[in-house]
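Subject: Structure for your review

Dear colleague,

Please find below the structure that I would like to hand over to you.

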Amino acid sequence: MEKESGWIKKSKEEQSLIYDFAERYKKFLNEAKTEREAATYISETLKRAGFSEDLSEEKVFKTYREKSVFALVKGKKPLTSGMNIIVSHIDTPRLDLKQNPLFEEVGLAMFRTHYYGGIKKYHWVAIPLSLHGVIVKVDGRKINLRIGEEDDDPVFAIDDLLPHLSRKTLDEKKLSEAPEAEKLTVLCGSIPLVGVEKDSVKAAILEILKNSYGIVEEDFVSAEIEVVPAFKAKDVGIDRSMIGAYGQDDRVCAYAMLEALISLDKPERSCLAIFTDKEEIGSEGDTAIRSSFLFMMIYEVLESMGLKPDDVTIKKALFSSRAISADVNGAVNPMYQDVHEKQNACYLGLGVCVEKFTGHGGKIGASEAHAEYIAEIRRIFDANQIIWQTGELGKVDLGGGGTVAKYLAMYGMNIVDCGTPVLSMHSPFEITSKLDVYETFRAYRAFYNS
Ligand code: MN
Ligand code: MN
């Protein structure tokens with residue numbers, strides 16, 4: 001059980017494959033900063049790879065509410081004998097604009113936000129931010145918004161309090177309470193509209209929004225606008241061995257499984273990829289893994305194949321399936337090693353991580369993979385020379401976390417957590433190792449082909 005860097009096991013040729021894969025992955029991260037953008041990128045990539053929305057074809061896909069995607073490559077064996085399923089999530093912690101967001105104070109216009117998922121609020125002040133989302137007009141017209149990503153685009157920011165004045169107000173607070181969520185307001189303008197007496201800067205911003213996008217203040221009520229970091233994915237380190245970017249939990253696994261799926265050519269078992277939404281808030285809601293989405297998709301696939309899509313048939317197909325819950329794991333932080341139990345934690349650069357169970361102290365809320373199934377995964381990975389490690393999220397009394405694994409386990413299938421180690425997880429700039437990203441892709445491809 002030695003812990004040895006994966007890099008020294010790779011030839012020069014393999015290292016260049018790893019670096020090439022990382023370039024394509026960074027492009028995906030830059031284009032897909034929200035769940036809607038990820039769903040669009042994924043469905044367009046699938047189309048280019050020959051996947052069809054006509055479910056009777058061999059390679060098929062379907063998107064749901066522009067936020068989750070289901071893609072299937074039909075295998076040689078019947079679907080009802082079980083599938084190889086990989087599921088990842090494409091939502092990420094962020095700030096959402098409130099329904100009535102715009103206001104003005106001291107001659108500055110700002111948007112109010114409500115954060116989504118597990119963020120550290122202090123991460124979000126004083127960094128460049130971009131706005132992404134849709135505004136749906138009352139007549140159903142949809143206006144897409146994406147400001148802050150092009151080189152000549154403006155960006156947005158949340159004002160932080162200068163150290164000279166923050167001693168009482170912020171510095172003495174607990175880190176988890178500073179700043180208050182209501183203070184996470186996004187600066188968006190400062191020029192007043194001539195001739196308007198009250199809130200003239202806000203009026204000027206509304207004027208620009210009307211002229212540029214045809215939207216009025218009431219339209220924010222039926223909008224979904226997400227505030228995310230404006231910076232791009234970058235290589236990290238003098239050796240360029242790592243990637244720093246927003247949203248790698250869990251788009252790293254989503255990208256790896258997308259690449260794995262499109263590489264398939266008539267596998268033995270049918271291979272299913274589920275890109276799900278709302279994992280970061282507990283898989284609640286109709287686009288999450290807990291909705292009937294999966295069940296309905298399988299129903300429609302069976303129906304399109306002329307098979308009887310009754311309840312028992314669908315449950316049997318799911319019951320006989322085996323799955324990977326593709327989600328990231330927190331790698332050992334070099335400066336906070338004592339939160340990890342280092343013999344069982346995962347490390348950056350040691351390959352894709354297999355996690356037998358999630359949950360917290362006492363395995364509460366865990367979906368635990370069986371020894372037999374882990375042995376099967378070991379056989380598949382070893383046969384394909386995958387560089388992999390095991391992982392457990394933090395010390396027993398300290399750590400913990402959940403994934404979607406338990407929601408697929410409900411159908412009775414074998415499932416195990418397996419994904420990429422990440423540093424600075426849930427921060428605006430998460431860090432992965434290029435080697436681990438590539439081994440995640442190779443691991444998923446090997447699983448699909450098994
Ligand atoms: Mn995740
Ligand atoms: Mn997460």
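Histidine 426 is partly exposed, with a relative accessible area of 22%; buried stands for under 20% relative accessible area, exposed for over 50%, and partly exposed for what lies in between (1.4 Å probe, protein chains only). This is a predicted model, in which local features need pLDDT of at least 70 and side-chain atom pairs count only at pLDDT 80 or more, while totals for chains, interfaces and linings use all residues. Residues are numbered from 1 along each chain as its sequence is written, chains are lettered from A and ligands numbered from 1 in the order in which they are written, and side-chain values use heavy atoms, with hydrogens and water left out.

The metal sites

Donors here are N, O and S atoms within 2.8 Å of the metal (3.2 Å for Na, K and Ca); water is not among the atoms, so sites may look incomplete. Glutamate 280 lies in the loop between strand 13 (270-276) and helix 6 (293-304), and histidine 426 in the loop between strand 21 (421-422) and strand 22 (430-433), so the pair ties together parts that are 146 residues apart in sequence. Helices (H or I, at least four residues) and strands (E, at least two) are DSSP runs, numbered from the N terminus. Glutamate 280 counts as buried, at 14% relative accessibility.

Aspartate 249 bridges the two manganese ions, ligand 1 and ligand 2, which lie 3.3 Å apart. Histidine 89 lies in strand 3 (residues 83-89) and aspartate 327 in the loop between strand 14 (322-325) and strand 15 (329-330), so this pair joins parts that are 238 residues apart in sequence. Both histidine 89 and aspartate 327 are buried.

Seven strands form an open antiparallel sheet in the order 7-6-10-4-5-9-8; two strands pair if DSSP finds at least two bridges between them. Strand 7 (142-147) and strand 8 (157-158) stand at the edges with a single partner strand each, so one side of each has no neighbour in the sheet. Strand 4 (residues 94-105) and strand 5 (residues 108-116) pair over eight bridges, and aspartate 96 stands opposite histidine 114 in strand 5.

With kind regards
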